[in-house]
Amino acid sequence: MKAFPPTVYANRGVPPRARMKAEPAAPGAGDADSPDPFAEARADTHLMRSLLVGIFILMAIYALYFARAFFMPVILAFLLALTLTPIVRFLRKHGMPDVMSATLLVLLSFCVIAVAGYLLSGPVIDLINNTSVIGQQLAERLAQLRRPFERIIEIARQIEGLTQTSQQPGIQRVAMAPSGILSQAAGNVLSAGTSITIVFVLSLFLLASGTMFYEKIVQSFPSLSEKKRALRVVYDVEREISHYLLTVTVINASLGTVIGLGLWALGVPNAQVWGAAAALLNFLPYIGALITITLVTVIALISFETISYALLAPAFVILCDVIEGQFVTPTVVGRRLEINAVAILIAIAFWSWLWGFVGALMAVPLLVVIKVFCDHFDGLSHVGNFLAAQHTAVEDEEISETGTAAGV
């Protein structure tokens, strides 16, 4: 007769459910169901880190908005210094000291901007004073397009007249005249002069400092490998941003010169104003070209007798913008630093809300600075990939595949 183990006799007559409760659990059987305290701690740490980053971003936006009188000239000075850095580096290689080259470049930049502002101030003031006349002339030229809407405009005027006559006769309208216009204008001029002075003086010191910042960065890291890596990253970022800013500035100035000369040849009045506007507004991709085309179209319609000849001026501007945007800039600057249109429009909207027109002009250069900085750090590479244009990512994949195939 076969003998059974003692556990079989002990469990005889015991219900199966009670038997399951009585049997001890195997070691490690309930570990999968029990919560992991380290996972919860990591989740809480990640949540706190995300909240701190969000609070920091909100505080930074708050500081940039309310302290724009300080941050705006400082950032402009850094952008101007980065733009002129390649020229200072070129002159350094040919034996000119940084202090001398920086002084000459800053003075030359100031003189160019001052002379351009002085020459353009007269025509711009005349245009501002004649805005009502320009509006009337434009309305007369577009009278044929307004005829279908004249009935709607007349009904709106009648409704407005009924609304005004229905008011109580005993109520007097009080108009608050703005007070202190002259003092406010004087304060704005003084603030603008102070900001411009800060921009040029700070740019001068940044350019004249030479390699001081590189030495400070090297001294901040203990090991030699970390010093080399930090120095290489900072140098690459500074070189790419400086090259981009200087190249784009030269391209925009050339575009404004070509547009100004072309409009002058067509007989458009104040052609130098529209050339300067085209050069300045070209720092705003898409939006700047649209504004330039609209302004030139309005001036051409009120300046020429025939509409067909008047449309030659905006057509010429469109041709120049297409050649610059599709051929010149991608060829000279390179497609690796191109930003996608959604990021550009969001940046322009954000910086224009933050700092007005000056902020809108700085939006794309600052976006390029952020992209170049993120591309050189593995933890921020996804941000740089998000800001890049679509074809850039495809080209990068093709390049990596080509390199892999070559290695194989």
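This is a predicted model: local features need pLDDT of at least 70, side-chain atom pairs count only at pLDDT 80 or more; totals for chains, interfaces and linings use all residues.
Residues are numbered from 1 along each chain as its sequence is written, and side-chain values use heavy atoms, with hydrogens and water left out.

**The second largest pocket**

- A pocket here is an open set of points on a 1 Å grid over the protein atoms alone, with protein on both sides within 12 Å along at least five of seven lines, and a lining residue has an atom within 4 Å of a point.
- The volume of this pocket is about 880 Å³, counted as the space filled by probe spheres set on the points, which are joined across faces, edges and corners.
- At least two lining residues come from each of α4 (68–93), α9 (181–208), α10, α11 and α16 (341–375); helices are DSSP runs (H or I, at least four residues) numbered from the N terminus.
- With ten residues, α11 gives the most to this lining.
- By type, the lining has 21 nonpolar, four polar and five charged residues, where Ala, Val, Leu, Ile, Met, Phe, Trp, Tyr, Cys and Pro count as nonpolar, Asp, Glu, Lys and Arg as charged, and the others, Gly among them, as polar.

**How α10 meets α11**

- The axes of α10 (residues 212–219) and α11 (residues 224–266) come within 9 Å and cross at roughly 150°; axes are lines fitted to C-alpha atoms over the stretch in contact, and angles run from 0 to 180 degrees between N-to-C directions.
- That crossing makes α10 roughly antiparallel to α11, a term for angles over 145 degrees.
- From α10, Y214, I217 and V218 make the contact, and from α11, K227, A230, L231, V234, Y235 and E238; contact means heavy atoms within 4.5 Å.
- Seven of these contact residues are nonpolar, none polar and two charged.

**The cavity**

- One cavity of 30 Å³ or more is present; a cavity is a set of points where a 1.4 Å probe fits but cannot get out.
- The largest cavity holds about 40 Å³ of space.
- Its lining is made up of I259, A278, L281, N282, G288, A289, T292, V317 and D321.
- Two or more of the lining residues come from each of α12 (271–281), α13 (287–303) and α15 (312–333), and α13 gives the most, with three.
- Five residues of the cavity lining are nonpolar, three polar and one charged.

Technical notes:
Angles under 35 degrees count as roughly parallel, over 145 as roughly antiparallel, 65 to 115 as roughly perpendicular and the rest as oblique.
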